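Look over the sequence and the structure first, then read the notes below.

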Amino acid sequence: MHKVLMIGAGGVATVCAFKIAQNKEVFSELMIASHHVEKCDRLAKAIHDKGYDLNIKTAEVDADDVEQLKALFNSYKPELVINLALPYQDLTIMDACLACGCNYLDTANYEPKDEAHFEYSWQWAYKERFEQAGLTAILGCGFDPGVSQAYTAYAAKHHFDEIEYLDIVDCNAGNHHKAFATNFNPEINIREITQKGLYYENGKWIETEPLEVHKELNYPNIGGRESYLMHHEELESLVKNYPTIKRARFWMTFGQQYLTYLDCIQNLGMSRIDEVTYEAPLADDPTKTVKVNIVPLQFLKAVLPNPQDLGANYDGETSIGCRIRGIKDGKEHTYYIYNNCKHQDAYEETGMQGVSYTTGVPAMAGAMMFLKGLWSKPGVWNVEDFDPDPFLQVLNEQGLPWHEVFDQDIEL
């Protein structure tokens, strides 16, 4: 009997919960907890309405509050906690897991709320404590980070003696038919895109201005798309775990309309993450006013479309993969491993669009790897620290099949 507790009820959590419900031979019971229990209840109902009969419980919890988390974990006693909440909450959830003897999995690394900066150091610092407690923590088990690292590990295991050049490429060629919307939490999305780019070359990290470096890349079944160099967390662990890498970069596509809106948002100060004071009439008594501190980016999130509501009219597909150059038996080879995911297929299965789907399915697959004992060792680990083969096999079976291209022009 494998009891799992999932924190979060957004788009990624919805997909993950649907996938858990489809795999009852591994997951015997699920609890969904979030800041708003009504969202958890709606998600549980949506799963049962589709005909799945997994036993699902729901709960309300503030993931910023370690004591609330501890009380919930101690009462439910899950074998594994899947953290699909906000990256700001990673450390409080890890603290509660340590206190209550729960194993841990997330999809995005920690970043402080008051600074748009993310790196693994905060979570890697928990390694010894998880080891001593005999608990496993699996970090970044979405698509990128996550599958991108499993792809790299698979390439290193099966196709290369030395990986020298790694480029992770992420294209969303879908259209949600909105003037401006983000595919996951707008606050996290805009913080990520507006910070400086970072890549690794010859033992050093090189910083670029935001979206300064870009080039057109061709994506399978999609064609050419302008792709922008960005900082992405999995590069940090990959260059550590594969020291033969001479250069590692991450690229993501953005349409011109999206970038124009983003530029406007920044110029208007709406991407700020510091507080501004604003005087507003009280909702229940408009004759009175009150001064409040608001974070412009959080206010913007409130008025933008909810990423969970984009699926119905979303067409097109995503294409995410790794383009690798390296040495095998003394000769140079190239290798491209990727997945394409159609937004409409994801929506028909789970009610969510493809970006949520490509993150939620790997979160379930990583949880499955842990519960089956395949990815279970005390400490704090990244996805490439484990055997990629059974994980990628599950992705093949669960809606994210992958494809390989050998010794072709990888354009990078």
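A residue is called buried when its relative accessible area is under 20%, exposed when it is over 50%, and partly exposed in between (1.4 Å probe, protein chains only). By that rule Lys19 is buried, with a relative accessible area of 3%. The model is predicted, so to speak of local features a pLDDT of at least 70 is needed, side-chain atom pairs count only at pLDDT 80 or more, and totals for chains, interfaces and linings use all residues. Residues are numbered from 1 along each chain as its sequence is written, and side-chain values use heavy atoms, with hydrogens and water left out.

**Salt bridges**

- A salt bridge is a side-chain nitrogen of Lys or Arg within 4 Å of a carboxyl oxygen of Asp or Glu, and the count comes to 16.
- Glu349 and Lys19 form one of them, at 2.6 Å from N to O.
- Glu349 lies in helix α12 (residues 343–350) and Lys19 in helix α1 (residues 11–21), so this pair ties together parts that are 330 residues apart in sequence.
- Helices (H or I, at least four residues) and strands (E, at least two) are DSSP runs, numbered from the N terminus.
- Glu349 is partly exposed, at 22% relative accessible area.
- Arg249 and Asp167 also meet in a salt bridge, at 2.8 Å from N to O.
- Because Arg249 lies in strand β12 (residues 247–253) and Asp167 in strand β7, the pair ties together parts 82 residues apart in sequence.
- Arg249 counts as buried at 13% relative accessibility, and Asp167 counts as buried at 2%.

**A buried charge without a partner**

- Asp170 is found in strand β7 (residues 162–172).
- Asp170 is buried yet has no salt bridge, and the nearest side chain of opposite charge, Arg323, is 11 Å away.
- For charge, Lys and Arg count as positive and Asp and Glu as negative, while His and the chain ends are not counted.
- Contact means heavy atoms within 4.5 Å; leaving out residues up to four places away in sequence, Asp170 touches residues including Asp144, Tyr219 and Trp251.

**Nonpolar cores**

- A nonpolar core is a set of buried Ala, Val, Leu, Ile, Met, Phe, Trp, Tyr and Cys residues joined through side-chain atoms within 4.5 Å.
- The largest nonpolar core has 90 residues, and Phe254 is among those that touch the most other members.
- Helix α13 (residues 354–371) gives the most to this core, with ten residues.
- A second, separate core has 28 residues, including Ala33 and Cys97.
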